[in-house]
Amino acid sequence: MPDFVAVLKKDALPQGRGKCVEVNGKRIAVFHTGAGYLAIDDGCTHADASLAEGGLVDDCTVECPWHGAQFDLKTGAAKTLPAVEPVKPYKVRVTGDNIEVEV
Ligand code: FES
């Protein structure tokens, strides 16, 4: 059954940044955008680069640091080549000082 797990303190993730966390052996990239906290699988579906190390294009899009594919942070959809397959999106909530991801 899905459950929310605390992955980061809010002050560990400034706006405009992403961070990779590991939950139950899965790499999840958590971002702090102008639209709030968003999370997707960290591994790019093109060649497994860490999307947490990519740059935010806007409040809902990250660009892969290796070959520039862009992913929608809300749906996980691959928006540009060379990635074609989506990544999995995760629900995020904030409880007190904690950022929690549903896994
Ligand atoms: S590894 Fe992400 S675009 Fe190639």
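Of the contacts in the chain between residues at least 6 apart in sequence, 40% join residues at least 24 apart, a contact being two residues whose C-beta atoms, placed from the backbone, lie within 7 Å. The structure is a predicted model, in which local features need pLDDT of at least 70, side-chain atom pairs count only at pLDDT 80 or more, and totals for chains, interfaces and linings use all residues. Residues are numbered from 1 along each chain as its sequence is written.

Buried residues account for 30% of the 103 residues in the chain; a residue is buried if 20 or more other C-beta atoms, placed from the backbone, lie within 10 Å of its own. The C-alpha trace spans about 40 × 30 × 20 Å along its principal axes.

The chain contains ten strands and zero helices, where strands (E, at least two residues) and helices (H or I, at least four) are DSSP runs numbered from the N terminus. Three strands form an open sheet in the order S5-S6-S7, with antiparallel pairing; two strands pair if DSSP finds at least two bridges between them. Strands S5 (55–58) and S7 (70–72) are the edge strands, each pairing on one side only. Neighbouring strands of this sheet are turned by 35° against each other on average, direction ignored, with axes fitted to C-alpha atoms. Strand S6 (residues 61–63) pairs with S7 in the antiparallel sense over three bridges, and Thr61 has Asp72 of S7 as its bridge partner.

Definitions and conventions:
Axes are lines fitted to C-alpha atoms, for helices over the stretch in contact, and angles run from 0 to 180 degrees between N-to-C directions. A residue is buried if 20 or more other C-beta atoms lie within 10 Å of its own, exposed if 12 or fewer, and partly exposed in between; C-beta atoms are placed from the backbone.
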